[in-house]
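Here is a friendly walk through one protein model, helix by helix. Have the picture open beside you as you read.

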Amino acid sequence: MPATAPEVHTDLVLEPRDVKFDWSRLPLHWIPDEPVATHTINVLHLLLPEGERWFTEVFKDALPLITDEQLREEVLGFIGQEAIHAEAHQEVLDHLLGQGLDPRPYVRQIAWLFQRILGEKPRLSPRKRRENVIERVAFVAAIEHFTAFLGNWALNSPGLDRADADPTMLDLLRWHGAEEVEHRSVAYDLLVHLDSGYGRRVRGMLVGGPLLVHLWVRGLRYLLAADPELRGTLRPSWRQAWEISRRGLLPDPVQSLRSGLRYLRPGYHPTQEGDSGQALAYLAASPAARAAAAR
């Protein structure tokens, strides 16, 4: 049976924070002298605008199926936060384009995947439409597990500070990461509300996990090839990823795999990952979140 969410998390009220970032001074390689680490993290900007717009559409489709009012409010808060995440990362894509790195060919492929392959299927019977919605929720829950893992890593990544990473980008990553930790149980709780079976959860991870890795590798290869300063001189490798992670600039690949396996454990609940208190503390200190609260 799924674990029960701790009270510290069930008391949270999800608040969309309308943050703004100034990218006018962001260098192309915002981790100095680390183009592979920079572009590995930049894959987030390729995947998240279309991906998080898709998340919001899936959850809007699921709203009529929700019979728990507290969960409905959490889902509405999740939708609001994810919509702002998508726009924040879209602004980074626009900035990359202005620096001579055109992300649009890869982004068009991502849009096709989410809209045509994973999107709502027309002309389904009511029963099949419900099944389709729940299946897509299971996929979102699996991906949200990894975004929470990445968010927790971003909040605990002093290697990026030691490497003198751009402070505005760090604030984006940590603001977003904190909100991912803050709402990390919503997709999972929605899945359990609609289908508490273990098989659906496993299927969501077995499809979502490998697909995410595949898209990330392809995205990194694309960015390195399209980077106007590199001119195709760098090709990524798993050995590079391991070495860079040892310096604290990327998540540990082994820990990432272990995180995915934890999701498959009976009794798992997302609140076992990350720290809500740490996430809220960062959101209280984030320059962008503080400016949004003052507006």
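Start with helix α2 (residues 35–62) and helix α9 (residues 198–226) in this predicted model. Their axes come within 8 Å and cross at roughly 120 degrees. The crossing is right-handed.

Which residues make this contact? On the α2 side they are P35, V36, H39, T40, N42, V43, L44, L46 and L47, and on the α9 side L212, L215, W216, G219, L220, L223 and L224. Sorted by class, the residues where α2 meets α9 are twelve nonpolar and four polar, with no charged ones.

Helix α2 also packs against helix α7 (residues 167–182). Here the angle is about 50 degrees and the axes are 13 Å apart, and α2 and α7 are therefore oblique to each other. This crossing is left-handed. From α2, the residues I41, N42, L44, H45, L48 and E52 take part, and they meet M169, L172, L173, H176 and E180 of α7. The contact of α2 with α7 holds six nonpolar, three polar and two charged residues.

Helix α13 (residues 287–294) has A288, A289 and A292 as its buried residues. Looking down the axis of α13, you would see these buried residues fall within an arc of 95 degrees, so they line one face of the helix. Elements covering the buried residues of α13 include α7 and α12 (276–285). On the other side of α13, the residues P287, R290, A293 and A294 are exposed.

Let us stay with A294 for a moment, which lies in helix α13. Why does A294 count as exposed? Its relative accessible area is 67%, and exposed means over 50%. A294 and R184 are 110 residues apart along the chain, and their C-alpha atoms are separated by 26 Å.

Finally, turn to the backbone. Most residues other than glycine have a negative phi. With that in mind, look at R123 in the loop between α4 (104–117) and α5, where phi has a positive value near 60 degrees. D164, in the loop between α6 (158–162) and α7, also has a positive phi, near 65 degrees. Neither residue is a glycine.

| Residue | Relative accessible area | Class |
|---|---|---|
| A294 | A294: 67% | A294: exposed |
| R123 | R123: 81% | R123: exposed |
| D164 | D164: 56% | D164: exposed |

To revisit the two pairs on your screen, find α2 and α9, whose crossing is right-handed, and then α2 and α7, whose crossing is left-handed.

Definitions and conventions. Residues numbered from 1 in each chain as written. Predicted model: local features only at pLDDT ≥ 70, side-chain atom pairs only at ≥ 80, totals over all residues. Heavy atoms only, no water. Axes fitted to C-alpha atoms, helices over the stretch in contact; angles between N-to-C directions. Helix = DSSP H or I, 4+ residues; strand = E, 2+ residues; numbered from the N terminus. Left-handed = near helix turned anticlockwise from the far one by under 90°. Contact = heavy atoms within 4.5 Å. Nonpolar A, V, L, I, M, F, W, Y, C, P; charged D, E, K, R; others polar. Parallel < 35°, antiparallel > 145°, perpendicular 65-115°, else oblique. Buried < 20%, exposed > 50% of the residue type's maximum accessible area, 1.4 Å probe, protein only. Arc of directions from axis to C-beta.
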